[in-house]
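These are my notebook entries on one structure. I list what I looked up and what came back.

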Amino acid sequence: SKVFPGDKIVTENRSLIKIEMVDTTVVTVAANSIFEFSKWDYKTKDNRDALFKVVKGRIRSHIKVKNKKKSSLKYQVGSVSMGIRGTRILANAYQRADKIRVSHVVVLAGKTEIYDSAADKKFNLDEGNQYITFLKPDGTLLKSEDSLLTNEQMKQLKASDKNPRKYFKPF
């Protein structure tokens with residue numbers, strides 16, 4: 001099926017979907033997730049303007065073709081937005097039982113520019129790094145942290161076996 005700007009992918013319990021975009025990007029949306037195609041203006045594989053939102057749940061994305069500098073390819077996970085340039089990422093957005101909203105991103109390959117609107121900070125996140133931000137119920141920042149993953153953690157998260165359900169083990 002075709003997907004259009006404004007469309008949302010909603011997955012239920014024990015399901016997932018793998019989407020191959022016209023630019024060869026592959027997005028896998030885990031169970032119990034909402035993924036939104038907010039903006040999509042495609043010219044060529046390396047010249048597209050897009051905004052994808054992880055509203056809830058987890059995704060794995062492999063952006064195979066780097067974007068030209070004059071175009072914009074962004075993923076938004078809660079208050080965190082990422083500028084993508086030939087990258088493999090994991091993203092997770094959820095609300096804890098205590099109503100704290102969590103946004104968690106991991107860069108599996110490449111690098112990305114991060115902007116956290118709640119913390120009002122901008123920085124680069126390289127391969128092997130993760131960034132987590134915690135928002136209070138009123139949307140204000142509780143805390144944010146970035147750290148380097150161990151080689152073993154990276155090996156587990158880069159899981160590339162043929163069963164995509166294994167991609168979505170907890171971070």
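Is Tyr 75 buried or exposed? I looked it up, and Tyr 75 is buried, since its relative accessible area is 0%. Buried here means under 20% relative accessible area, exposed means over 50%, and partly exposed is in between, with a 1.4 Å probe and protein chains only.

**Ground rules.** I note that this is a predicted model, in which local features need pLDDT of at least 70 and side-chain atom pairs count only at pLDDT 80 or more, while totals for chains, interfaces and linings use all residues. Residues are numbered from 1 along each chain as its sequence is written, and side-chain values use heavy atoms, with hydrogens and water left out.

**Aromatic rings.** I searched the whole structure for aromatic pairs and got eight. Rings of Phe, Tyr and Trp (its six-membered ring) pair if their centres lie within 6.5 Å; planes under 30 degrees apart count as stacked, over 60 as edge-to-face and the rest as tilted. I looked at Phe 37 and Phe 52, whose pair is edge-to-face, with 5.5 Å centre to centre and 85° between the planes. This pair links distant parts of the chain, as Phe 37 is in strand E4 and Phe 52 in strand E5 (residues 47-62), 15 residues apart. Strands (E, at least two residues) and helices (H or I, at least four) are DSSP runs, numbered from the N terminus. Phe 37 and Phe 52 are both buried.

I then followed Phe 52 to its pair with Tyr 75, which is tilted because the ring centres are 5.1 Å apart and the planes stand at 55°. Here too distant parts of the chain are linked: Phe 52 is in strand E5 and Tyr 75 in strand E6 (residues 73-77), 23 residues apart. The relative accessible area of Phe 52 is 2%, so Phe 52 is buried. One aromatic cluster is made up of Phe 35, Phe 37, Trp 40, Tyr 42, Phe 52 and Tyr 75.

I also checked for a charge over a ring, which requires NZ of Lys or CZ of Arg within 6 Å of the ring centre and within 35 degrees of the ring normal. The charged end of Lys 143 sits over the ring of Phe 134, 5.2 Å from its centre.

**Nonpolar cores.** A nonpolar core is a set of buried Ala, Val, Leu, Ile, Met, Phe, Trp, Tyr and Cys residues joined through side-chain atoms within 4.5 Å. Which residues touch the most other members of the largest nonpolar core? In this core of 27 residues they are Phe 35, Phe 52, Ile 59, Tyr 75, Met 82 and Val 105. Elements giving two or more residues to this core include strand E3 (26-29), strand E8 (88-95) and strand E9 (101-109). E5 gives the largest share, four residues. Another core, of six residues, lies apart from it, with Val 106, Leu 108, Leu 149 and Leu 157 among them.

**More on strand E5.** I looked up Val 54, which is in strand E5. Val 54 counts as buried because its relative accessibility is 3%. The C-alpha atoms of Val 54 and Gln 76 are separated by 6.2 Å, though the two are 22 residues apart along the chain. Arg 48 is in strand E5 as well. I found Arg 48 buried, with a relative accessible area of 0%.

**Positive phi.** Most residues other than glycine have a negative phi. Thr 24 is not a glycine, yet has a positive phi of about 80°. I place Thr 24 in the loop between E2 and E3, and at 18% relative accessibility Thr 24 counts as buried. Asp 120, also not a glycine, has a positive phi of about 50°. Asp 120 lies in the loop between strand E10 (111-116) and strand E11 (121-126), and counts as exposed at 57% relative accessibility.

**A loop glycine.** My last entry is Gly 78, in the loop between E6 and E7. Its relative accessible area is 38%, so Gly 78 is partly exposed. Between Gly 78 and Ile 19 I noted 59 residues in sequence and 21 Å in space, C-alpha to C-alpha.
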